[in-house]
Amino acid sequence: MKLLCFQAKRFRWKTHSKTLPDVPDRDVEEEVAETLVAFVHAEASDESAERKTSVLRQTLKHIKWLANKRGFKNIVIHSFTHLGGDTASPAGAEILINALAERLRETDYQVWVTPFGYFCEWDLNVYGESLAKVWKEMR
């Protein structure tokens, strides 16, 4: 799994168009302030049972660490398949993202997941420090 994370003053997203024909029709526009935004790229190797546990643990640890650096309790997860070439199946990526969101909710974070299977327009207002923009690859 690969992550591109932003410590954001504000993140707004709006559904633009479907990328997967089988997802339900949705018209969503939401905004979250003082949030960690995690662009998530699930890879094909992440779908295996033995790797999934490790990847989820590493990803949770990284997201919590980065959110806690600014005291954030808000997390937005956005599926972003443009961080690598070896992409998981849509079903596998959605399972990983939903598992990640649920585990974060269990530890008192408020979590939003942008609509899976959609391109979205965004407004992203990111803090200036280097730590506010972090790329991470789970191995």
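This is a predicted model: local features need pLDDT of at least 70, side-chain atom pairs count only at pLDDT 80 or more; totals for chains, interfaces and linings use all residues.
Local features were considered at pLDDT of at least 70 and side-chain atom pairs at pLDDT 80 or more, while totals for chains, interfaces and linings use all residues. Residues are numbered from 1 along each chain as its sequence is written, and side-chain values rest on heavy atoms, with hydrogens and water left out.

Helices (H or I, at least four residues) and strands (E, at least two) were taken as DSSP runs numbered from the N terminus. Helix 1 covers residues 49–68, and its end C-alpha atoms lie 29 Å apart, which agrees with the 28 Å that its 20 residues should span at 1.5 Å a residue, the expected span being 1.5 Å times one less than the number of residues. Residues were classed by relative accessible area as buried (under 20%), exposed (over 50%) or partly exposed (in between), with a 1.4 Å probe and protein chains only. The buried residues of helix 1 are Arg 51, Val 55, Leu 56, Thr 59, Leu 60, His 62, Ile 63, Leu 66 and Ala 67, and these pack against strand 1 (2–18), strand 2 (29–41), strand 3, helix 2 (90–106) and strand 6 (133–137).

Within strand 3 (residues 74–79) lies Asn 74, which is buried because its relative accessible area is 17%. Leaving aside residues up to four places away in sequence, Asn 74 touches Val 32, Ala 33, Glu 34, Thr 35, Leu 36, Gln 110 and Trp 112, a contact being heavy atoms within 4.5 Å.

Side chains of opposite charge can pair when their charged atoms come close. With a salt bridge defined as a side-chain nitrogen of Lys or Arg within 4 Å of a carboxyl oxygen of Asp or Glu, the count comes to 10 salt bridges. In one of these, the closest N and O atoms of Glu 43 and Lys 2 are 3.3 Å apart; the pair links distant parts of the chain, with Glu 43 in the loop between strand 2 and helix 1 and Lys 2 in strand 1, 41 residues apart. Glu 43 is buried at 9% relative accessibility, and Lys 2 is buried at 12%.

A salt bridge also joins Asp 123 and Arg 12 (2.6 Å, N to O); Asp 123 lies in strand 5 (residues 118–126) and Arg 12 in strand 1, so the pair ties together parts that are 111 residues apart in sequence. Asp 123 is partly exposed at 30%, whereas Arg 12 is buried at 11%. Lys 18 and Asp 25 form a further salt bridge, with their closest N and O atoms 2.7 Å apart; here Lys 18 is partly exposed at 33% and Asp 25 is exposed at 67%. Salt bridges that share partners join Arg 12, Glu 29, Glu 121 and Asp 123 into one network.
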